Amino acid sequence: MRLITESSELTEAFEDLITHYDNFYCCVAWAGAPKSFKAGRLLLKHSSKIKKAIVGLHFYQTHPEFISTFIDNESIRFFMETHGVFHDKIYLFSNSAKDWCAIIGSSNFTKGGFENNSECNVIISDADEKGKNIYKSLIQRIDRAYKNALQFTDEMLGDYEDCYTRQMGKRESLGSIVKTKKRDFDSSELTLMPWDEYCALLRKMDRIKTCIDVLTEIQSIFKVNKSYSDVDTEDRKNIAGFVGPNSIFAFFGTTKRNHRFGRLIEDNDKGLSKVVDLIPSHGDISFEQYKKYINFFKDKWDAPLATATRLLAMKRPDMFLCVNGKNRRLLAKYLNIPPSNLTLDNYWELVIVPIRQASWYNIKTPKEGKEYWPYRVALLDALIYEP
C-alpha cells in the first residue's frame, strides 16, 4: 500500500499502471474533457483496455466532451440515479485476480482531480494483506454500479449539454464562493430531489394554490411597472409583505412588525426602489448584484434576512426563497445546515448555491408541473412552512 498526496505522483502512477496492465475498470463521480489533462489522454490512448467504467453525472459536473468521446463505447456507462450522489473514485488495473493494482481515494477523473486540486489517494495491490478479498469486493462494487448505469444516447447528450452549459455559467459566477467555502452536498435532501418528486410534494401542500395566486399577482405588478417606485402604495406593501396576517400577501412572510421598513415602503424610498430594480426581472443574477442589494439592508438593520429575502423572492421567485422564522428550521434540515447559521451574509452561499446545483432546478422547462416552474424556488416555502 502506498499513499499519494502529490498530483504529479498520481499521474505518474496512472500512466505506469494503465501501460502495464491489460484491463482497466473505474467508478468515478465525475469525469473531465479527456484531452484537457494527461490521465485523460492516456485513457484515450489505452481505451481498448476499458472493461467497465461508470461515471456519475450529479450537478452536471461531468464534461459533455467525455460523454461524446465515449458515447459509442459500450464498456462505459453513466450513473443517472438521483437518490443519493454516486461518489466513488476507484481505478482498478488488472491482468487477473492475482495480478492487479488499484488507486482509491478522493480524485475524480478530471483535470482538477489529477492535476490542480489537493487530493489524497492510496495505491493497493494483490501484494497487500487480504488482497484477494479486496479485489473481489472491488469487482463486485464495479459490477453493481455497471448494472445500475446506462449508456448515453445522442438525444440524452443534447439535453445534458444544455444543462451543463447553464450550470457552467452559474459555477463561474459563484466560483469565488465555492472555492473559499466548499460545501459538501452529499447528504442534502433538497439538492438530490428530481423535478417530478418536487412537484409531487408541492401538490400535497394545502398552501400551494394560494402561494401561486400571490406570486402570479405580484409578478403581474412587476411586469406593468418599469420600477418599484412606479408601483402604487398598496401594491408596494403587498409585494413587501407589509400587511396583516389575514391578507393572502402575508404568505411568504409578513414584514408588518418592521416599522422602519414600512416607512420606507409608504414613503416610496428611492434607495429601496433602486436596489429592488437592481435585480433583473429575467436572466441570471450575479453575486455582485446580490451584494449591492443586501448592502442596502445591512446598512439599515442588524438582522434583515427575512425582509431582504422577502423582496428577492417576490421579484425573482424562480431564483430566490424568502427565509423567515416559519420556514427556517425545515429549510436548514433540507440543506443539512444548522438553522442558527443562516444570515444575509451567507444566504447566497448556504441557500442559493446548493439550490442552483439541484437536479430539479436545472432541468429544461418541464412537461409536467409547468404552473410551478416560474416560481420553483419561492414555492419551497410551501414545503417547509411551519405554522
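Modeller: A salt bridge is a side-chain nitrogen of Lys or Arg within 4 Å of a carboxyl oxygen of Asp or Glu. This is a predicted model: local features need pLDDT of at least 70 and side-chain atom pairs pLDDT 80 or more, while totals for chains, interfaces and linings use all residues. Residues are numbered from 1 along each chain as its sequence is written, and side-chain values use heavy atoms, without hydrogens or water.

Biologist: What makes the meeting of aspartate 318 and arginine 316 a salt bridge?

Modeller: Their side chains come to 2.9 Å, N to O. The limit is 4 Å, so the pair qualifies. Both aspartate 318 and arginine 316 are buried (under 20% relative accessible area; exposed is over 50%, partly exposed in between; 1.4 Å probe, protein chains only).

Biologist: How many salt bridges does a search of the whole structure find?

Modeller: The search finds 14. One of them joins aspartate 381 to arginine 207, with the closest N and O atoms 2.8 Å apart.

Biologist: Why do you say that aspartate 381 and arginine 207 tie parts together?

Modeller: Aspartate 381 is in helix H18, and arginine 207 is in the loop between helix H8 (195–203) and H9, so the pair links parts 174 residues apart in sequence. Helices (H or I, at least four residues) and strands (E, at least two) are DSSP runs, numbered from the N terminus. Both partners, aspartate 381 and arginine 207, are buried.

Biologist: Where do lysine 209 and aspartate 213 lie?

Modeller: Both are in helix H9, four residues apart, about one turn. An α-helix has 3.6 residues a turn, so residues three or four places apart point the same way. The closest N and O atoms of lysine 209 and aspartate 213 are 3.1 Å apart, and the two form a salt bridge.

Biologist: Why is lysine 209 called exposed?

Modeller: Its relative accessible area is 58%. Aspartate 213 has 37%, so it is called partly exposed.

Biologist: What makes a set of residues a nonpolar core?

Modeller: The members are buried Ala, Val, Leu, Ile, Met, Phe, Trp, Tyr and Cys, joined through side-chain atoms within 4.5 Å. The largest such core has 76 residues. Tyr228, Leu272 and Trp360 are among those with the most contacts inside it. Helix H9 (residues 208–224) gives the most to this core, eight residues. Another core, of 38 residues, lies apart from it and includes Ile4, Leu57, Phe93 and Tyr160.

Biologist: Which residues does leucine 379 contact, leaving aside neighbours within four places in sequence?

Modeller: Contact means heavy atoms within 4.5 Å. Leucine 379 meets Tyr198, Leu202, Ile208, Cys211, Ile212, Leu215 and Tyr372.

Biologist: Which residues of helix H15 (residues 328–335) are buried?

Modeller: Leu330, Leu331, Ala332, Tyr334 and Leu335. Their cover includes helix H16 (347–356) and helix H18 (380–384). Just after H15, asparagine 336 takes a positive phi of about 60°.

Biologist: What is the phi of lysine 130?

Modeller: Phi is near 60°, a positive value in a residue other than glycine. Lysine 130 sits in the loop between strand E7 (121–125) and helix H5 (131–148). Its relative accessible area is 60%, so lysine 130 is exposed.

Biologist: Why does asparagine 268 count as buried?

Modeller: Asparagine 268 has 18% relative accessibility, so it falls in the buried class. Its place is the loop between helix H11 (259–266) and helix H12 (270–278). Asparagine 268 also has a positive phi, about 55°, although it is not a glycine.

Biologist: How do you know that serine 75 is buried?

Modeller: Its relative accessible area is 18%. Serine 75 lies in the loop between helix H3 (64–69) and strand E4 (76–79). Not counting residues up to four places away in sequence, serine 75 touches Ile50, Lys51, Lys52, Ala53 and Tyr146.

Biologist: What makes strand E5 (residues 89–96) mostly covered?

Modeller: Six of its eight residues are buried.

Biologist: How many bridges join strand E2 (residues 23–28) to E5?

Modeller: Six, and the two strands run antiparallel. Strands pair if DSSP finds at least two bridges between them, so E2 and E5 qualify. Serine 94 in E5 is the bridge partner of asparagine 23. Six bridges also join E5 to strand E6 (residues 99–105), again antiparallel. Tyrosine 91 stands opposite isoleucine 103 in E6. E5 and E6 form a hairpin with two residues between them.
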